Amino acid sequence: AGTNRLLGRTSCCTTPSMLFLKTNPRRRPLTSSIIAVLSLPLVASFVVRFHLLHNHHRLRSSTANQSSYLPTATTTTSSRHSPFATMSEIPNVSSDISATETRLRSLMMNCSAQPQEGSLKTPEEDNVYRDIRDNVFSNDATTTETATTFVSPSEFREAVRSGKFKGPTNGICQGYMQCNLVVLEDGPAAYDFLLFCQRNKKACPLIEVCDVGSPFAEAVGAGSDLRTDIPKYCIYRNGKLESEVEGDVKAYWPEKSVAFLIGCSFSYDGALTEAGIPLRSVEQKKNVPMYKTNIPCRSAGSLHGNVVVSMKPISCMDIAKEVEITSKFPQAHGGPLCVGSPESIGITDLSIPDWGDSVDVLPGELPVFHACGVTPQQVLMDSGVPFAITHSPGHMFVTDLPSEIRR
């Protein structure tokens, strides 16, 4: 002890326990044993943590190695998932991760139904999913856009113009007004039709009339062209349907044309969907069913005929809500003309529509009938108009106007 003091070993760094050991050499073996025992949990903790970190690093590294098996941006959609078949060949992938990959493979084969993070069984599976998702689904060049995904009406019209979209427009661009089209030659028929719309606003709510000879509806659709921006057209001569034309009617367009745009009930599809009222035609990927009725229109000049209606199956518990919502859209035919009892308006068989497709009416539902923009087409045929171009039933012109606009 005296030597230690002379050598300065009792410095400020010397703890009381050190002094105790130095001044009590007989206690050293027992004290050392106690310290060793107390240190075991700490050492074990470091070993376990090192082992876990090492395994985690191996897992992440092995998953990252799969990038060499992933398709390039030019790989076709049918072969984009080919790397999943070879993941078992990637080095350092454990059997547990291979089993996880098998589950993920079955979940992720369909790009439109990717699993959500946190929906899998374990955190390890979520990690593998994130790695696969980031590598496989990050390349926009390999993503197939669905037909109903459009940022704006102008983008949709461009898709129609380029031939990328050719189907019915129900459910498209919800929140924007859709319109029926009638094109007549300038003259008595065009004037009579303008008067007809004024007298039959429920069936023919007039939204826009273009200048004579103009196919451009700039007031309702910037950069639009009515000759190319509707998926399908009908050509009528002398009151009879001559042909249906997809995508482009420039060859038929009259030099002195008058184009009319009439509101469509598709305009309030978004409002019904937001209210929790399903659209059966959209669910079944069909055109809406449309029927001739015995409800007469008010004649105008040479034009006469009956109202045409579209039909939506609505749950009995949602009828009041449907009537309330649609009545707020007078520019899109407004509320229904009839609820249930199709016989009362001259419809004998719901399964055989005059236009469009038949849809299911389930137990607990009633057919709800709204005035339809196909009414002008029936009137043109009944009246024997010499020439007309219209939209094909269910194939509308989508405008830039919000669907809730008041006119």
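## Helix 6 and its buried side

In this predicted model, helix 6 spans residues 153-161, and P153, F156, R157, A159 and V160 are its buried residues. Why do they fall on the same side of helix 6? They cover an arc of only 155° around the axis, which puts them on one and the same side. The cover over these buried residues includes strand 1 (176-185) and strand 11 (397-402). After helix 6 comes G163, with a positive phi near 85°.

## Aromatic pairs

A pair of aromatic rings is described by two quantities: the distance of the centres and the angle of the planes. The count for this model is seven aromatic pairs. F150 and F156 form an edge-to-face pair, because their ring centres are 5.2 Å apart and their planes stand at 80°, where over 60 counts as edge-to-face. F150 has a relative accessible area of 16%, so it is buried. F156 is buried too, with a relative accessible area of 0%. F193 and F196 give a stacked pair, because their planes are at 15° and their centres 6.4 Å apart.

F193 and F196 both belong to helix 7 (residues 188-199). They are three residues apart there, so about one helical turn separates them. Both F193 and F196 are buried. Elsewhere, ring pairs join F150, F156 and F165 into a cluster.

## Nonpolar cores

The largest nonpolar core has 30 residues. Which of them touch the most other members? They are V182, L184, F193, F196, F260, V309 and F369. Helix 7 gives the largest share, four residues.

Leaving out residues up to four places away in sequence, F369 touches Y291, V309, S310, M311, P336, L337, C338, G340, P342, I345, I347 and L350.

Four bridges hold strand 6 against strand 7 (residues 306-315) in the antiparallel sense. Y291 faces V309 of strand 7.

## Helix 11

The buried residues are T375, P376, Q377, Q378, V379, L380 and S383. G384 follows helix 11 and has a positive phi near 65°.

## A hairpin and two positive phi values

Strand 3 (residues 232-237) and strand 4 (residues 240-246) run antiparallel and are joined by six bridges. R237 has K240 in strand 4 as its bridge partner. The hairpin has two residues between the strands. N238 sits in the loop between strand 3 and strand 4. Its phi is positive, about 55°, although N238 is not a glycine. Is N238 buried or exposed? N238 counts as exposed because its relative accessibility is 57%, and the cut-off is over 50%.

S341 also is not a glycine, yet has a positive phi of about 45°. S341 lies in the loop between strand 8 and strand 9. With a relative accessible area of 41%, S341 is partly exposed.

Note on methods
Residues are numbered from 1 along each chain as its sequence is written. This is a predicted model: local features need pLDDT of at least 70, side-chain atom pairs count only at pLDDT 80 or more; totals for chains, interfaces and linings use all residues. Side-chain values use heavy atoms; hydrogens and water are left out. Two strands pair if DSSP finds at least two bridges between them. Buried means under 20% relative accessible area, exposed over 50%, partly exposed in between (1.4 Å probe, protein chains only). The arc is that of the directions from the helix axis to the C-beta atoms. Contact means heavy atoms within 4.5 Å. Rings of Phe, Tyr and Trp (its six-membered ring) pair if their centres lie within 6.5 Å; planes under 30 degrees apart count as stacked, over 60 as edge-to-face and the rest as tilted. A nonpolar core is a set of buried Ala, Val, Leu, Ile, Met, Phe, Trp, Tyr and Cys residues joined through side-chain atoms within 4.5 Å.
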